[in-house]
Amino acid sequence: MARNNHGVLLVLAACLFFLAPGVAPLGSAEPAEPPHSGTAPSQSPGVPAILWQADLGNGSYQNPVLYADYSDPDVVAVGDDFYLTASSFNNAPGLPVLHSRDLVNWTLLGYALERLLPEEVFNMPQHGNGVWAPNIRHRDGKFWIFYPDPDFGIYMTQTDDPKTGTWSKPVLILPGKGIIDPTPLWDDDGQAWLLHAWAKSRSGKNNILTLRRMTADGTAVEENGKVIIDGNQLPGYRTLEGPKFYKRNGYYYVFAPAGGVPVGWQAVFRSTRIDGPYEYRTVLEQGDTLVNGPHQGSWVHTRSGEDWFIHFQSNLAYGRIVHLQPMQWVDDWPVIGNDPDGDGIGNPVASFRKPDAGKHAGQPHITAPPGSDEFDQPVLGLQWQWNANSQKDWYSLSDRPGYLRLFAQPQPDPNSSNLWMTPSLLLQKIPAPNFIAEVTLELPESPGNLSAGLVMFGEDYAWIGVQRQAGSGEMTLGYASCQGARSGCEENFEMEKIVDSRTLTLRMTVADGGGTVFSFRDHTGRFKAIGDLFQAKPGRWVGAKIGLFVRANVDADANADTEAVAAVDNYVDIDSIRFHRPQ
């Protein structure tokens, strides 16, 4: 792979950029003013915890800016506003849309895709399928998201305003298997183009990028395309994918990751012709940092004239967390992150000065996506996604105001306890490297044959909760785990005690790295740990998730009194889920 040597021009330009007020000197990954502690300030009573605070409160930020699984992020700048979308795979609703004024503090606005299409397919979990790497653009007064489904093709959806949460029904603009990672470009002459990658698992080919003509309204793409970048012809290149297409100073640029999700690098290709030939460079790699595979993201040019690069890092159980890197242009090549030796290949920064927020500078508003939920609103909090397209009879927020009522749902396979293919899991992303999640639930007077609990969900999963005992019919509290859920494991439920109260408070305590301890509040008010130390594991292309479920179990007594069965209440009421920082 060619190394980059830019000489005096690079050093001079880099010094001017990095020695600006409040900017770290070249060769330093730290801001000129040392940051405060890497943890957020203490939590005020009654205020929801910000479990990971990227904004250090002193004009600097720390990476990641989103310590959550917002995979394959793409950002568009419109005026003083920045909008981010990300992959969501099989979870519904899909295509999260976030907003920021400074690229550091983000709020979750909602989702562009209320239900995954085709609905009949995604009414059941499709782990690893669904919404792959999207691209968000702004043109003609509209916001456009192009997203791929590796089994169906490229879709497009639009809105006039992402803050309203109303997006058009997706249009399948390019049908086909294995067509992924679309990125549009409208050229100066008005011609629209779509560049995309390929998934070998569906098409039998990958490591290439194909260019096609597209109608200006983004609703149709020509059937025949041309390979304009072939990673198979480049020394050391593998898994070239996730392109982002731009034009600047007469050059066409393709920002694209290569080398695979866990350990790859960020490449940039440029040409004066849209169909090539393209020259290329590595512009960002791990180097001596702990940020593995720093790639697949978006170049952002701000109204104040700054350039930034936002990308992900694959972080095991935490999924693909989001980092922000400073960026500058030298000889019409981007230089990303920290480049102390001046070879044009940057390394990720751990912290840096915040982007210039223009008229919003000096108006700090530290935010993060939500986690806690009191269930006191008429709709579910935006942090929640289901394991498949949801159904109306799964839950209610109105049957008992102030509570989430989850109705027990039968297993897809009534003879299996494995939750992997259960559509009605209510899930949210892991929000920080360490945290405590606490759920208070209430059982009905006559609970049915159900299991219910708080789960750490992934390809291995574990939960704490209640389950009716076969034979005795008693409701018990315990711990269950399933090692190898994707491969068809069965749960092992370990009873701790007979339930002697309708109200239970359950907890998971998660340490750095994903080690998880489950516990419950006993009669003394203290939390008692049960089960094993569980290691959180990612799902299929996603991080582990925190979830709630109520499962209808098969009644072991086939001769049970039908009137008695009909009299039971097959639901559980959830009072709240609250996140705290460990002491």
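Figure 1. Arg-320 lies in strand E20, which covers residues 320-330; helices (H or I, at least four residues) and strands (E, at least two) are DSSP runs numbered from the N terminus. The model is predicted, so local features need pLDDT of at least 70 and side-chain atom pairs count only at pLDDT 80 or more, while totals for chains, interfaces and linings use all residues. Residues are numbered from 1 along each chain as its sequence is written, and side-chain values use heavy atoms, with hydrogens and water left out. Arg-320 counts as buried because its relative accessible area is 9%; buried means under 20% relative accessible area, exposed over 50%, and partly exposed in between (1.4 Å probe, protein chains only). A polar contact of 3.1 Å connects the side chain of Arg-320 with the side chain of Asp-72. Such a contact is a pair of N or O atoms within 3.5 Å; within protein, one must be able to donate a hydrogen and the other to accept it, and residues adjacent in sequence count only if both atoms are side-chain atoms. With neighbours within four places in sequence left aside, the residues in contact with Arg-320 (heavy atoms within 4.5 Å) include Tyr-70, Phe-89, Val-261 and Trp-541.

**Figure 2. Strand E29 and its two partners.** Eight of the eight residues of strand E29 (residues 450-457) are buried. In a regular strand the side chains alternate between the two faces of the sheet. In E29, Leu-450, Ala-452, Leu-454 and Met-456 point one way, and Ser-451, Gly-453, Val-455 and Phe-457 point the other way. Two strands pair if DSSP finds at least two bridges between them. E29 pairs with strand E36 (residues 545-552) in the antiparallel sense over eight bridges, and Leu-454 has Leu-548 as its bridge partner in E36. Strand E30 (residues 460-468) runs antiparallel to E29 and is joined to it by six bridges; here Ser-451 is partnered by Gln-467. A hairpin of two residues connects E29 to E30.

**Figure 3. An open sheet of four strands.** The strands follow the order E2-E3-E4-E5 and pair in the antiparallel sense. Strand E2 (74-78) and strand E5 (106-113) are at the edges, each with a single partner strand, so one side of each has no neighbour in the sheet. E4 (residues 94-100) and E5 are joined by six bridges, and Ser-100 stands opposite Trp-106 in E5.

Figure 4. The whole structure contains 33 salt bridges, each defined as a side-chain nitrogen of Lys or Arg within 4 Å of a carboxyl oxygen of Asp or Glu. Asp-55 and Lys-354 form one of them, at 2.7 Å from N to O. These two residues are 299 residues apart in the chain, and both are buried. Lys-244 and Asp-74 form another, with their closest N and O atoms 3.5 Å apart. Lys-244 belongs to strand E14 and Asp-74 to strand E2, and both residues are buried. Asp-500 and Lys-497 also meet in a salt bridge (3.4 Å, N to O). Asp-500 is exposed at 65% relative accessibility, whereas Lys-497 is partly exposed at 26%.

**Figure 5. The disulfide of Cys-482 and Cys-489.** The structure has one disulfide, the term for a pair of cysteine sulfur atoms within 2.5 Å. The sulfur atoms of Cys-482 and Cys-489 are 2.0 Å apart. The link is right-handed, with 120° about the S-S bond, and both cysteines are buried.
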